[in-house]
Amino acid sequence: MRKVRVALGTRSYSIFIGQGILPQLGENLLSFSFDRKTVVVTHPRIEKLYGQTLLRSLRRHGWHPTLISLPAGERYKTLRMVSR
């Protein structure tokens, strides 16, 4: 697994890249101090391909995920759309 930093100043974040890492996501997130109640925001096509694997991994490690699927396009990538 590789960690890539996306440098956006105060909005910077990391992306983890690797083959076959999705089933271990729930376990890997345990090292962060996130609330166990989580929201996963995705696209319908990605949900269809990976949604169940992701949800199983999270639940297996004590997470309580809610999956939200939004249409493609930048106009949908807002907190307002997620909150709907």
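**Exercise 1.** Find which ring the charged end of Arg-36 sits over.

*Solution.* Go to Arg-36: its charged end sits over the ring of Trp-63, 4.9 Å from the ring's centre. "Over" has cut-offs here: NZ of Lys or CZ of Arg within 6 Å of the ring centre and within 35 degrees of the ring normal.

A quick heads-up: this is a predicted model, where local features need pLDDT of at least 70, side-chain atom pairs count only at pLDDT 80 or more, and totals for chains, interfaces and linings use all residues. Residues are numbered from 1 along each chain as its sequence is written, and side-chain values use heavy atoms, leaving out hydrogens and water.

**Exercise 2.** Work out how many aromatic pairs the structure holds, and what kind each one is.

*Solution.* There are two. Rings of Phe, Tyr and Trp (its six-membered ring) pair if their centres lie within 6.5 Å; planes under 30 degrees apart are stacked, over 60 edge-to-face, and the rest tilted.

Step 1: Phe-16 and Phe-32 have ring centres 6.5 Å apart and planes at 70 degrees, so they're edge-to-face.

Step 2: Phe-32 and Phe-34 have centres 5.3 Å apart and planes at 15 degrees, so that pair is stacked.

**Exercise 3.** Decide whether Phe-34 is buried, partly exposed or exposed.

*Solution.* Buried means under 20% relative accessible area, exposed over 50%, partly exposed in between (1.4 Å probe, protein chains only). Phe-34 has 49%, so it's partly exposed.
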